[in-house]
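Visitor: I am new to reading protein structures. Could you walk me through one, feature by feature?

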Amino acid sequence: MRKVAVIMGSDSDLPALRPCFEQLKVLEIPFEAHVYSAHRTPDAAADFAKSARENGFGVLIAAAGKAAHLAGALAARTTLPVIGIPVKSSTLDGLDALLSTVQMPSGMPVATVAIDGAANAALLAAQILAVSDEALAGKLADLRAKQTKKVLEKDAALNIEL
Ligand code: RP5
């Protein structure tokens, strides 16, 4: 199976990314995590993206806060799918990062999840890999079934309580 790369702009983003790592582990998807910044280490970020396909990656996840250009900077240097996570790390509550990540110009897509949407980033990466991986598709279907069961149990509990 191709690997997922999880790149964060700063190690201060790590707490927001924990749900991403947990979800990747649950699905047994191989991943690597790195701290590369679009602004502080632009060459390292670019080199990583340029060689990601030949290094066995299938999807890149990029998390950054504030003027969050990391996902776009990686996307500019690879045709692998890039998922952006805007991180809430500033006085603007992540809205700055959301707009910086999502407003990509035509021709250079970044699939942006919600502010701090780390779990969904992992799930979306899994769904991309599952296009050509039936075993992973099965695991995703199991997760969905569990999720459905949990919500229906809550529905039943609510009606009993009320
Ligand atoms: C962004 O600036 C990082 O992704 C982080 O969310 C934010 C703050 O970085 P630090 O100053 O904590 O390193 O580039």
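Visitor: Which residue just after helix 1 takes a positive phi?

Guide: Keep in mind that this is a predicted model. The residue is E28, with a phi of about 55°, and its place is just after helix 1.

Visitor: How many residues does helix 1 have, and how far does it reach?

Guide: Helix 1 covers residues 14-26, which makes 13 residues. From the first C-alpha to the last it reaches 18 Å, close to the 18 Å expected at 1.5 Å a residue.

Visitor: Which residues of helix 1 are buried?

Guide: Buried means under 20% relative accessible area. In helix 1 that holds for L17, C20, F21, Q23 and L24. These buried residues pack against several elements, among them strand 1 (3-8), strand 3 (57-65) and helix 5 (118-130).

Visitor: What is C20 in contact with, leaving aside its neighbours within four places in sequence?

Guide: C20 is in contact with V6, I61, A118, A119 and A122.

Visitor: Which residues have the most contacts inside the largest nonpolar core?

Guide: A nonpolar core joins buried residues through side-chain atoms within 4.5 Å. The largest one here has 25 residues, and V4, V6, L17, C20, I29, I61 and I85 have the most contacts inside it. Helix 5 gives this core its largest share, seven residues. A second, separate core has 21 residues, including A49 and L60.

Visitor: Now for charged pairs. How many salt bridges are there?

Guide: A salt bridge needs a side-chain nitrogen of Lys or Arg within 4 Å of a carboxyl oxygen of Asp or Glu. By that rule there are three salt bridges. In one of them E32 pairs with K3, and the closest N and O atoms are 3.2 Å apart. E32 sits in strand 2 and K3 in strand 1, so the pair ties together parts that are 29 residues apart in sequence.

Visitor: Which residue forms a salt bridge with E28?

Guide: K139 does, at 2.9 Å from N to O. E28 is in the loop between helix 1 and strand 2, while K139 is in helix 6, 111 residues apart.

Visitor: Is E28 buried or exposed?

Guide: E28 is exposed, because its relative accessible area is 57%, and the cut-off for exposed is over 50%. K139, at 29%, counts as partly exposed.

Visitor: Where do E153 and K149 lie?

Guide: Both are in helix 6, four residues apart, about one turn of the helix.

Visitor: Which residues make the nonpolar surface patch?

Guide: L95, L99 and V102 make this patch of about 250 Å². V102 lies in helix 4 and is partly exposed, at 37% relative accessibility.

Notes. Residues are numbered from 1 along each chain as its sequence is written. This is a predicted model: local features need pLDDT of at least 70, side-chain atom pairs count only at pLDDT 80 or more; totals for chains, interfaces and linings use all residues. Side-chain values use heavy atoms; hydrogens and water are left out. Helices (H or I, at least four residues) and strands (E, at least two) are DSSP runs, numbered from the N terminus. The expected span of a helix is 1.5 Å times one less than its number of residues. Buried means under 20% relative accessible area, exposed over 50%, partly exposed in between (1.4 Å probe, protein chains only). Contact means heavy atoms within 4.5 Å. Patches are made of residues with over 30% relative accessible area and no salt bridge: like charges are joined within 9 Å, nonpolar side chains (Val, Leu, Ile, Met, Phe, Trp, Tyr) within 5 Å. Accessible areas come from the Shrake-Rupley method with a 1.4 Å probe; for residues, only the protein chains shown count as cover.
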